[in-house]
Amino acid sequence: MAELTVVTWNCQGRSAERLELAAALDAWQPDILLLQEANADGLETALAPQFQSRLWWPSAGSQPGILIASHLQLLDQGHLEPIDPPWDRPRACWVLLRWGATVVRVAAVHLAAPLRFGAKAQRDAQRLELAGWAEALLAGDEQLIIGGDFNTIDPALPRMTDACAAAPMPTWRPLATGWLRPLIRIDAIFVAPTLHVLEAGVGSAWRGSDHIPVIARIGS
């Protein structure tokens, strides 16, 4: 069985040094890294040299953007178009990667935060579009992984397996501090039904952001 370790983390725009990202990557040894609000400051140093495939969309999600990095061979990349341009921005970016004898599509997601007037309806529309995109790919038997910040306390995608379903844990707290426990779960990783979740959890030891990372080990 081929295995992948996938990590998703909303970095809150903090630098790689503030996040202790290099130490975190050394501890996790991820094959695929999905970052939201990814500050470019220090990323090159933290990611080198194992992540040869790196893509950063500075206008996607909330600033300073979405990043996907992997040591797997990059075959293609893109993003879902905004629902209401020019008032919205891309909220999901994807890459197609060579995974042994097969190909896997991985998407990093950062949906709108439902804080201002009308934002909840916008986020719900984004969830609907994302779910439709995923279902179309699954209907074609694609190997699909989606991770990120869904900005809802009930993250779910039809036909996809929630990697942390066996032991869901909160991933967001009001302040980026270790003494404050996470309160709600808005970050998640989902996998196609053809893939197997071998292990999943959160990295509660990492305190540089108001989000804590989600880590999943996935088998084909």
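The model is a predicted one, and the protein chain in it has four helices and twelve strands.

The overall dimensions come first. Along its principal axes the C-alpha trace of the protein chain spans about 45 × 40 × 35 Å. A compact globule of 220 residues would have a radius of gyration near 17 Å, and the 16 Å of the protein chain agrees with that. Of the 220 residues, 53% are buried. Among contacts with a separation of 6 or more, 64% are between residues 24 or more positions apart.

β3 and β4 run antiparallel and are joined by five bridges. Ser 53 has Ser 70 in β4 as its bridge partner, and Trp 56 stands opposite Leu 67 in β4. β2 also pairs with β4 in the antiparallel sense, over four bridges; here Ile 32 stands opposite Ser 70. Is β4 mostly covered or mostly uncovered? It is mostly covered, with five of its five residues buried. Both faces take part: Ile 66, Ile 68 and Ser 70 are buried on one side, Leu 67 and Ala 69 on the other.

The other sheet is also open and has six strands, in the order β5-β6-β7-β8-β10-β9, again with mixed pairing. At its edges are β5 (73–79) and β9 (161–162), each pairing on one side only. Strands of a sheet pair through backbone hydrogen bonds, in either a parallel or an antiparallel sense. For β7 (residues 102–110) and β8 (residues 143–149) the sense is parallel, over seven bridges. Arg 105 stands opposite Leu 144 in β8.

Helix α4, residues 119–139, lies across β6 (92–99), β7 and β8, running at about 160° to β8. How far apart should the ends of α4 be? At 1.5 Å a residue, the 21 residues should span 30 Å, and the end C-alpha atoms of α4 are 30 Å apart, which agrees. An α-helix has 3.6 residues a turn, so residues three or four places apart point the same way. The buried residues of α4 include Ala 119, Gln 122, Arg 123, Gln 126, Leu 130, Trp 133, Ala 134 and Leu 137. Among what covers the buried residues of α4 are β6, β7 and β8. After α4 comes Asp 141, whose phi is positive, near 65°.

The nonpolar cores can be described next. The largest has 28 residues, and those with the most contacts inside it are Ile 32, Trp 57, Val 106, Ile 145 and Ile 189. Elements giving two or more residues to this core include β1 (3–10), β2 (32–36), β3 (53–57), β4 (66–70), β6, β7, β10 (187–191) and β12 (214–219). The largest share, four residues, comes from β6. A second, separate core has 21 residues, including Ala 107, Phe 150, Ala 188 and Phe 190.

Leaving aside residues up to four places away in sequence, Ile 189 touches Val 6, Thr 8, Ile 145, Ile 146, Gly 147, Thr 161, Asp 162, Ala 163, Val 214, Ile 215 and Ala 216.

Trp 179 and Asp 76 are 103 residues apart along the chain, and their C-alpha atoms are separated by 41 Å.

Technical notes. Residues are numbered from 1 along each chain as its sequence is written. This is a predicted model: local features need pLDDT of at least 70, side-chain atom pairs count only at pLDDT 80 or more; totals for chains, interfaces and linings use all residues. Side-chain values use heavy atoms; hydrogens and water are left out. Two strands pair if DSSP finds at least two bridges between them. Contact means heavy atoms within 4.5 Å. Axes are lines fitted to C-alpha atoms, for helices over the stretch in contact, and angles run from 0 to 180 degrees between N-to-C directions. The expected span of a helix is 1.5 Å times one less than its number of residues. Buried means under 20% relative accessible area, exposed over 50%, partly exposed in between (1.4 Å probe, protein chains only). A nonpolar core is a set of buried Ala, Val, Leu, Ile, Met, Phe, Trp, Tyr and Cys residues joined through side-chain atoms within 4.5 Å. The radius of gyration is taken over C-alpha atoms; the globule rule is 2.2 Å times the number of residues to the power 0.38.
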